[in-house]
Amino acid sequence: MRISAVSSNHPVYNQSTVKSLKQEPTLIENKLSFISFKAGNKNQALFYGVEVRPYFAKGGVSTILNDMRNLKIGSDSSSIDKNSLEYWNQTDKVFVSPIYNGKETYNYRTGTIEGINLATIPKDLPDDNPFAKYAGKPFMTNNKNFKNYNSVVDFFKNEDKKVMNLDKQIFILEDVTGEKRTMDFGASENTEIKLYRVLKQFGKGDGAKLEKTRDFLVFTDVAATWKEPYEGGGYASGSHLLTQTWKGDGDARSAKAMVELLPRICEVASEDGHKFDPATIILNDSQGAYATEYMAEKAVQGEEFWKGKKPEFITHNAGAGYIQRTSPMNMFMNIADRELLAAVENDPDFINAMKQGEGGLNRYFASKMPDVMADEQGSYSPFRNALLYAKQGYMPSVNTVSPGYHKALTTDPNLAPGSHDLLKELAEKGKFVGIMNAFEDPNMSPFIQSGPGGYFNAKNDVVYTFPQDKIIPERLRGMQVHRYATMDPNKVNETSVDLGHIREIKRQNKLNLISRLDKDVLETLGKLKEVPGHERDYAQVIAGLADRNVDVLGYIDSKYIEEASKPDSTVKVITAWGRVDAQKALDSVLRTFEKYVTEGAGKNDSSLLVMGGELTEGNPEADSIRKIIARMNANPLLRGRFAYLNGFAPNKPLAGAADFSIFPSRFAPCELTDLEARKMLCSSIVTNCQGLADKNFDEAFDGEAERVTGYKTAHAYDMPIEVLDKELNEVDKAQMHKDVERFLGKIKNEQLIKHGKTISNEEAMKIVKNSDSLHYEYEYSVLRPYRDSVIERELEAKLTKALGTDYTNKTFQEKLMSNLINSKTDWEHNEGLNGGKSSGASYRELFNRDAKEITEGDTLLHKIKEKCQNIIEKNKENTPGTNENKPPVKTSSSDKSFWTRVKEFCQTKKGKWTIGIVAAVAAICAGLAIYKNSQKSKPEQTPEIAEENHIDEKV
């Protein structure tokens with residue numbers, strides 16, 4: 001078996017035995033001169049996030065950052081058309097993300113990773129392969145099948161050429177690192193970091209060429225091994241997942257690399273003659289929050305480049321499962337420098353802590369952390385650290401993604417447990433603000449053919465025709481799946497609403513959608529997976545994208561498809577889509593429709609439900625949804641009236657066919673799905689919470705009748721128990737109080753056993769509020785069925801009204817559609833959604849704020865060193881060479897190198913248990929010691945780490 005060599009540019013673990021490959025030349029020759037930077041330019045900004053479209057898109061952050069390409073930074077900047085080169089090359093903005101999907105090279109003799117490199121376009125591709133002309137050039141891909149192939153060659157040769165698309169799934173990169181760069185992080189020293197610029201193809205055919213963009217990807221040796229963002233722990237790296245531990249968190253590692261490379265990014269971005277020297281570095285969510293600390297450490301060193309630079313932090317979600325709660329040990333490793341680590345490795349108390357196991361290590365490192373770094377619950381997170389920098393002024397402000405969420409965070413202690421008081425304090429000083437996310441995606445429009453190829457963007461009307469094969473039922477042979485219809489802008493515009501035209505286009509698109517979900521169609525497509533040349537037909541028809549792993553649960557009965565084919569059809573389609581977790585409440589959509597059909601007005605209508613979202617294995621929310629679907633499939637009233645697209649959540653196709661969409665989020669910092677639906681003239685039914693309440697208007701609410709865009713419930717999910725007492729029937733109310741009493745009784749009993757103390761219910765509830773796990777259990781387990789029942793009852797009532805009297809009220813429908821058409825959601829004109837001031841204007845106010853000059857005493861590193869001063873001084877006294885009058889100290893167990901002692905300890909029985917490894921001593925020797933973090937969080941909000949069997953050259 002051949003072992004791939006590692007390029008000399010990527011000696012991540014400095015394995016001297018690995019043969020180097022000759023470095024490939026970069027695509028565009030670097031001819032740079034030194035540029036002197038002074039005070040930052042307030043009309044420029046750099047945006048950093050762990051997912052940036054189109055390269056990585058896992059959650060809403062990527063969508064928001066993509067819309068920020070249109071944000072005006074200064075009065076002299078302008079919004080540019082998304083499809084133009086200028087959109088990608090505006091001189092006032094740069095976008096940076098970590099790079100994933102690296103290529104790992106293994107030493108099978110030792111079982112260790114010897115290097116991580118970026119894959120390059122293979123040199124032996126067929127001449128007709130569209131990527132052959134870029135042979136040897138580094139690339140990255142967002143193709144989900146990439147790491148399933150044994151080699152890069154296999155990937156390019158076997159993936160369908162129709163699926164592979166330059167600048168949509170494959171991105172050519174230019175290495176712009178310049179001279180070799182390394183950084184220390186955690187217990188690893190001199191690890192190489194690299195910088196790549198994305199090259200985007202513009203034009204088509206022979207005239208197509210690659211152009212430089214202002215998008216950069218940062219390479220680090222940890223994130224590069226991940227398939228996608230958040231794989232290293234995601235929204236909650238302090239959860240049950242295994243972490244890098246001694247190496248620090250992968251997201252923090254990437255954030256530090258971005259800061260280390262920031263001067264180089266500015267230098268490269270200034271190549272075109274437009275000096276790029278941003279005053280503001282915008283950091284998104286907790287994955288980027290540590291960059292605030294790393295910027296502060298640079299600023300106190302006095303380098304001229306950092307003068308005038310200030311961080312700005314956006315929290316997209318401040319809930320307990322999203323702020324990356326971590327252990328004190330992880331946080332220490334993320335911040336510590338060599339001096340601190342040397343002091344720790346020679347501290348006898350550290351050795352004793354290791355012998356005590358996981359708890360001992362956490363207690364040891366907690367004792368080295370200043371109290372100010374722990375939140376009110378005693379937990380640690382980069383979110384908290386960012387707030388501290390806002391409090392002392394180096395970061396002028398923190399903002400969140402809607403005025404409604406800002407208000408909720410500062411008034412409801414349960415939404416951001418542990419940091420509510422600090423957020424409230426910052427808000428009172430004007431340092432914590434809420435700014436609505438703008439939505440500017442021009443593709444979300446009912447007037448243009450842009451979207452998944454099987455639904456939109458087809459060259460011809462016919463997209464797919466069932467083959468004349470014996471396994472195809474006779475009624476399907478030759479059946480065609482058509483692309484979606486678009487609306488006529490002359491009939492539907494800001495001054496004209498042709499309701500008949502809108503409904504006719506919707507009818508055609510309903511028929512297009514539900515025809516794919518016919519029972520015979522689904523069964524036939526399943527059979528075609530085994531027919532050579534037709535393996536991808538299922539994905540192509542259902543998703544319109546042949547590379548999607550999608551299957552449909554449920555189906556649409558053919559009688560509804562037949563009825564929808566009639567011009568006077570009464571078939572109505574309800575849709576929902578989104579991430580499958582507790583927040584999005586897709587289970588509530590299913591139960592609402594179930595009740596509507598079996599107990600309500602749905603018994604007598606022809607309403608259908610089509611949903612989309614990925615049901616991953618091991619996700620409790622996915623398991624719950626599967627059970628509900630199984631129950632619905634067993635009910636003859638529901639069977640054939642719903643379909644769930646597992647693995648595919650197509651916003652535009654679903655909104656384009658739907659009469660109404662339901663988004664019942666249990667909490668909603670902003671949400672964008674409702675705006676996606678709105679742009680397709682699909683009205684939404686939402687829960688009355690935070691960002692959803694800000695953007696959706698219901699005539700049942702005071703002052704919203706003329707602005708009506710849809711429907712929202714009277715209550716939000718987080719209603720307190722006092723409200724539930726009023727809303728529940730007597731039977732449910734009595735059962736809820738029994739459940740609460742049982743839950744508190746468990747806590748009271750534990751206190752009695754552990755401390756011999758009898759506590760009251762009030763005291764038990766205080767314990768709940770100060771514990772992430774107990775608080776989550778109370779909010780999303782004990783009270784959840786009762787809160788859900790109230791919300792689902794209100795959703796059903798709104799659905800009944802929407803599909804009943806309101807649907808037949810022409811005057812109301814024309815007003816509703818007119819409001820949807822005229823709704824402004826862009827940066828410069830969305831003041832109606834942002835408290836009277838556009839989001840663009842609100843951001844420019846932040847860009848113009850000055851930061852307080854940072855001092856060394858303000859940095860978290862300095863605060864930790866103050867706390868560790870005694871062990872630092874002791875280490876200096878005992879280190880040979882630090883005092884000429886002292887003889888060298890003899891080597892003892894406490895003087896051995898950090899890694900040596902870790903390896904020795906891990907080989908003991910107790911050590912293996914502590915670190916969480918049974919038979920991975922070789923991996924530990926390579927520096928990959930891991931342990932199971934004690935801070936528990938919500939598993940349904942945290943992506944699982946994928947376990948893979950690597951082979952040589954595996955991508």
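Visitor: Which residue lies over the face of tyrosine 807?

Guide: A charge sits over a ring if NZ of Lys or CZ of Arg is within 6 Å of the ring centre and within 35 degrees of the ring normal. Here arginine 503 lies over the face of tyrosine 807, at 3.7 Å from the ring centre. Likewise, the charged end of arginine 516 is placed over the ring of tyrosine 455, 3.8 Å from its centre. This is a predicted model, in which local features need pLDDT of at least 70 and side-chain atom pairs count only at pLDDT 80 or more, while totals for chains, interfaces and linings use all residues. Residues are numbered from 1 along each chain as its sequence is written, and side-chain values use heavy atoms, with hydrogens and water left out.

Visitor: What is the average pLDDT of the chain?

Guide: pLDDT is the predictor's confidence in each residue, from 0 to 100. The chain averages 84, and 85% of the residues score at least 70. Over residues 883-901 the pLDDT is below 50. Where pLDDT is low, the predicted coordinates should not be read in detail.

Visitor: How many aromatic pairs does the structure hold?

Guide: Rings of Phe, Tyr and Trp (its six-membered ring) pair if their centres lie within 6.5 Å; planes under 30 degrees apart are stacked, over 60 edge-to-face, and the rest tilted. The structure holds 31 such pairs. Tyrosine 100 and tryptophan 226 are stacked, because their ring centres are 6.3 Å apart and their planes lie at 10 degrees. Both residues are buried, that is, under 20% relative accessible area, where exposed is over 50% and partly exposed in between (1.4 Å probe, protein chains only).

Key
Contact means heavy atoms within 4.5 Å.
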